[in-house]
Amino acid sequence: MGSSGTTWKLADHPKLPKGKIISVVVLDGWGEANPDQYNCIHVAETPIMDSLKTGAPDRWRLVRAHGTAVGLPTDDDMGNSEVGHNALGAGRIYAQGAKLVDLALASGKIYEDEGFNFIKESFANNTLHLIGLLSDGGVHSRLDQLQLLLKGASERGAKKIRVHILTDGRDVVDGTSVRFAETLEKDLADLRGKGIDAQVASGGGRMYVTMDRYENDWEVVKRGWDAQVLGEAPHKFTNVVEAIKKLREAPDSNDQYLPPFVIVDENGKPVGPIIDGDAVVTFNFRADRMTMLAQALEYENFDKFDRVRVPKIRYAGMLQYDGELKLPSHYLVSPPLIERTSGEYLVNNGIRTFACSETVKFGHVTFFWNGNRSGCFNSQLEEYVEIPSDSGITFNVQPKMKALEIGEKARDAILSRKFDQVRVNIPNGDMVGHTGDIEATIVACKAADQAVKMILDAINEVGGIYVVTADHGNAEDMVKRNKKGEPLVGKDGKVQIQTSHTLQPVPVAIGGPGLAGGVKFRKDVPNGGLANVAATVMNLHGFVAPDDYETTLIEVD
């Protein structure tokens with residue numbers, strides 16, 4: 001029995017043997033879409049992935065990786081790597097980030113909980129600062145949630161509010177930052193009309209200011225700190241809309257990489273540096289690109305960059321971004337409690353597990369897979385390997401990333417026969433796809449396919465089984481489309497490149513010499529999603545999944 005009263009022992013599968021080495025491969029950002037020149041997976045040389053699709057029709061299918069299938073509010077919501085890996089690992093669908101926040105805002109519960117009451121202590125005499133991505137993309141944050149938070153805080157005593165914006169252009173169309181800023185300005189003007197001192201204090205592009213992740217480049221966070229906390233930035237403006245329009249005039253500028261700016265008053269003085277006694281909320285609901293700023297705001301002992309001045313503040317995240325690190329210690333909305341993940345069950349049933357990716361997706365194949373939990377369940381039976389990602393360059397510069405190194409580590413782990421499950425994430429399709437560079441993304445997809453080949457060759461050698469899938473779409477459709485599905489063309493006559501995730505389904509393929517002859521995908525789970533993969537993998541290990549897991553995708557003839 002586990003500490004929560006869980007009986008960890010899994011029943012043996014009546015028809016499937018134990019003891020086969022299983023490789024679980026997650027191709028990041030690898031969806032299924034119509035073949036055309038903007039489908040980088042189709043254009044790229046991907047003989048291995050092609051052969052999985054055409055070679056055994058009963059052992060290849062599509063599953064849903066967005067919207068309600070992964071716990072997001074609607075089927076208009078793109079999937080992402082966090083919710084995708086949560087579903088893959090948990091085997092059940094949990095209300096996720098945006099949905100949790102929506103529920104808390106709609107019910108008013110957000111204003112009753114500890115986190116809001118903690119920051120509220122600052123309202124009487126100090127400023128409330130809201131820092132986050134100004135976007136309706138729904139991947140990291142949503143503009144309507146910020147609007148509700150502004151309204152709710154002002155109705156509950158916030159007299160002085162400063163918003164520190166980060167422009168998007170990654171999960172939404174480049175250039176939409178102007179429209180979002182105009183919407184925000186109107187709301188702040190309405191608040192000013194009610195006697196509340198509310199204005200934008202600073203800004204910058206998400207990829208250049210604040211929103212780094214996995215400690216790739218602390219300079220990104222420092223630029224944000226200097227603007228948000230110290231009120232210092234290379235560019236000064238009196239108005240946020242003017243700031244964005246002006247900075248976008250520079251050659252090759254885009255929303256993702258706008259330089260940091262501060263808003264100043266008529267005397268040239270910054271309107272909103274963060275000082276002692278202030279309250280700060282980071283309003284992104286997604287964890288990965290807020291964790292580094294959270295450390296800088298919360299940790300007393302912090303050595304990643306010189307903070308110069310460390311104000312004594314009341315800080316809360318929209319959610320707790322890292323449950324294991326308890327970071328931040330205060331948050332407005334409680335995270336989904338994901339217990340009894342497939343990884344924990346399998347380890348408790350003796351399955352020796354190896355997990356590997358490079359830095360940018362290492363957390364996905366470990367932390368998110370394991371239900372937002374850091375570290376191993378049993379370090380005697382598990383080994384997690386992180387390969388450092390390239391830093392200081394955009395991913396289209398080295399589109400192969402570390403795919404081949406991940407393939408080699410997985411191959412070696414399989415051939416060592418020390419592990420029963422070898423799990424990897426190959427990030428190329430997603431990370432290079434986000435750059436909008438089609439040629440580089442084609443190279444990225446080819447490299448990912450080569451990594452899959454290395455892994456499948458090793459599985460063949462040891463008589464094992466493979467499960468190849470993805471967490472969400474990206475590289476399969478790199479262009480914005482109208483309602484008819486035709487590419488959108490901008491005023492300059494060029495097609496509008498898409499850098500975001502998609503709503504496309506993703507493949508699941510099973511095979512390998514260890515797969516029992518009669519195993520095939522069922523026909524009665526037409527709406528299967530990522531959460532169905534967990535029970536499937538458990539079956540292939542020779543176990544029956546727990547009753548409350550989403551049903552398996554396979555049957556044995």
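Mentor: Two residues are in contact when heavy atoms of theirs lie within 4.5 Å. This is a predicted model, in which local features need pLDDT of at least 70, side-chain atom pairs count only at pLDDT 80 or more, and totals for chains, interfaces and linings use all residues. Residues are numbered from 1 along each chain as its sequence is written, and side-chain values use heavy atoms, with hydrogens and water left out.

Trainee: With which residues is Thr 552 in contact, leaving aside its neighbours within four places in sequence?

Mentor: Thr 552 touches Arg 522, Val 525, Asn 532, Ala 535, Thr 536 and Asn 539. Its place is the loop between α16 (532–540) and β17 (554–556); helices (H or I, at least four residues) and strands (E, at least two) are DSSP runs, numbered from the N terminus.

Trainee: Does Thr 552 count as buried or exposed?

Mentor: Buried means under 20% relative accessible area, exposed over 50%, and partly exposed in between, with a 1.4 Å probe and protein chains only. Thr 552 has 14% relative accessibility and therefore counts as buried.

Trainee: What does a polar contact join to the side chain of Thr 552?

Mentor: A polar contact is a pair of N or O atoms within 3.5 Å; within protein, one must be able to donate a hydrogen and the other to accept it, and residues adjacent in sequence count only if both atoms are side-chain atoms. Here the side chain of Asn 539 is joined to that of Thr 552 at 2.8 Å. The Thr 552 side chain also reaches the backbone nitrogen of Ile 554, at 3.2 Å.

Trainee: Which residues of helix α2 are buried?

Mentor: In α2 (residues 47–55), Ile 48, Met 49 and Leu 52 are buried. On the other side of α2, Pro 47, Thr 54 and Gly 55 are exposed. The buried residues pack against β1 (22–27), β2 (60–63), α15 (438–462), β14 (465–470) and β15 (506–511).
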